Structure formats: C-alpha cells, structure tokens
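Trainee: I have a new model open and would like to learn how to read it. Where do we begin?

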Amino acid sequence: MSEIIFESLTRWYGEHPRRLVLDGVSGKITDGQFVVVIGRSGSGKSTLLNLLGGLDTPSQGLVKVDGVDLATMNDGALTALRRRRMGFVFQSYNLIPTLSVADNLRLPLQLNGIAEGNKVSEWLARVDLQGREHDWPDQLSGGEQQRVAIARALIHEPAYIFADEPTGNLDLANAERIVQLLDSLCRSAGRTLIMVTHAPEVVGLADQLLTIREGRLVEAEGH
Ligand SMILES: Nc1ncnc2c1ncn2[C@@H]1O[C@H](COP(=O)(O)OP(=O)(O)OP(=O)(O)O)[C@@H](O)[C@H]1O
C-alpha cells in the first residue's frame, strides 16, 4: 500500500524577514492516484512537490510516505527510499549528457541492484524509441529526451512518479503525448503520479486536483 500524507506543511526561506512560500497545507495522496498540482507562477507548486518527494525539508509540518515520517529518516534511508520507491521527471529532462540513452536507463537499475534483462529495450519500446539505445541525449529532440526521461523514471518500477512541469519545454503535440504517456504508464501499473503543470487540459485527467494560491491549498469550487 503506498500513500503520502502531508500535514500543516510549511516552507519558508530566510529569517528577518521570513519569506513564507508554503503555508500549512495538508492532504493525502492514495495508491495509484493521478494528482495534478496547479496554480500561478510562484504560488509554491514546485516547493510542495519537492517536499513530498523528499528533495526538500519542511520548515514545519510533516510528510509521511508509506507510513513513515520523512523527518525521522537519516540521509541514507531517505536516499534509498527515493531511489527505490520514486521516479522523477523534470521540465529540463535532466538526462546525463555523457551517457548513452541505454546507459541513462541502466542507472536506476544499477543503483537498485535490479537485473537488467531486456528492460532497457522494453522500456524504450514503451516510449516509442526502439533502437535508440546508442544515441546520445543531445542527438534527440526535446520530446524524445523527455520520453527517455520517463522511461528512466519508470524502469525500476517505483510506486510514485513526481513530474515537475514535464511538458514545459515542449510544443502542444509533444506535450499531449508526454502527458498521455505518463498517465497510461502509471495507470496501467497502479503507480501514483503527482504532476505540477500549467497546462489546463491536464486537469481533466486528475483524480485529485491540488490548487495552490499564494502558498495555500484552495478548496475545489463546487465541493
Ligand atoms: N531557494 C529559495 N530561496 C528563496 N525563495 C525561494 C527559493 N526557492 C523558491 N523560492 C520562492 O518560493 C516561491 C514558490 O516557488 P515555487 O518554485 O514553488 O513556485 P511554482 O508555483 O512552482 O512556480 P512556477 O510555476 O513559476 O515554477 C517563489 O516565490 C520563489 O521565488
């Protein structure tokens, strides 16, 4: 059972004055949900995502992943949790430029001690990039690089995928393709997908919508 609970989650930067960017948000993300985080630029979306994925530490409040408060974990345990249970997709793809496409995909397998088998070619086929094992990231288009990044985020079969504006650098057609790919690959395997986006068309796919305004969660209209 995978579940993320966050309570009174607060993040500020600096002291005197404190700059409050997330102001006591609470919620629950359950197994296999597609959660969409929307809100204006600077409202705190990436801050929330980074806290839920253990990439950042709250100033106050807590995040529980699989029932464990992240604040009780040491760095090694947190790294292990992120490596095994989570996959990350960013706006800027973040492929390692000095590694081939295949070696980028091998990294999560190696870090988790998972046997490679045919996984690299299988996952390239799933993102419609069969035969591109030996290409370098800079030989791929933006949409292709993001598809490699998706395969890399999923190849070790994590429970949670965190995607921070994964379509931010793509044209509309590529953006739709990336969202559909993430949605279908996560849904088919019951993985939880948490996506920050500016794209209003993604909202309709969400099981849960988190709308942030000035660091606070806004109640959905009509509820
Ligand atoms: N390291 C930091 N130091 C100080 N302020 C920061 C830092 N990181 C983020 N902030 C501030 O926190 C606020 C929220 O940032 P965040 O990246 O979460 O917003 P966002 O909603 O994801 O925005 P966007 O849609 O533009 O990416 C912003 O005003 C930003 O300037």
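**Reading the model, feature by feature**

Mentor: Begin with a hairpin: strand 4 and strand 5 have 2 residues between them, and there Asp 66 takes a positive phi near 55°. Strands (E, at least two residues) and helices (H or I, at least four) are DSSP runs, numbered from the N terminus. This is a predicted model: local features need pLDDT of at least 70, side-chain atom pairs count only at pLDDT 80 or more, and totals for chains, interfaces and linings use all residues. Residues are numbered from 1 along each chain as its sequence is written.

Trainee: How many bridges join strand 4 to strand 5?

Mentor: Two strands pair if DSSP finds at least two bridges between them. Strand 4 and strand 5 (residues 68-69) have 2 and run antiparallel. In strand 5, Val 68 is the bridge partner of Val 65. Strand 4 (residues 60-65) also runs antiparallel to strand 1 (residues 3-13), with 5 bridges. There, Ile 5 has Lys 64 as its partner.

Trainee: What covers the buried residues of helix 5?

Mentor: First, the general idea. An α-helix has 3.6 residues a turn, so residues three or four places apart point the same way. A residue is buried if 20 or more other C-beta atoms, placed from the backbone, lie within 10 Å of its own. Helix 5 (residues 142-154) has 10 of its 13 residues buried. Among them are Val 148, Ile 150 and Leu 154. Their cover includes strand 6 (86-90), helix 3 (101-111), helix 4 (119-126), strand 7 (160-164) and helix 6 (172-188).

Trainee: Which residues touch the most others in the largest nonpolar core?

Mentor: A nonpolar core is a set of buried Ala, Val, Leu, Ile, Met, Phe, Trp, Tyr and Cys residues joined through C-beta atoms within 7 Å. The largest has 56 residues, and Val 37, Ala 151, Ile 161, Leu 193 and Ile 194 touch the most other members. Helix 5 gives the most to this core, 6 residues.

Trainee: Which residues are around the ligand?

Mentor: A residue counts as near if its C-beta atom, placed from the backbone, lies within 6 Å. The residues around the ligand include Tyr 13, Arg 19, Gly 44, Lys 45 and Thr 47. Helix 1 gives the largest share of this shell, 3 residues. Strand 2 (19-30) and helix 1 (45-52) each supply at least two.

How values were computed
A residue is buried if 20 or more other C-beta atoms lie within 10 Å of its own, exposed if 12 or fewer, and partly exposed in between; C-beta atoms are placed from the backbone. Two residues are in contact if their C-beta atoms, placed from the backbone, lie within 7 Å.
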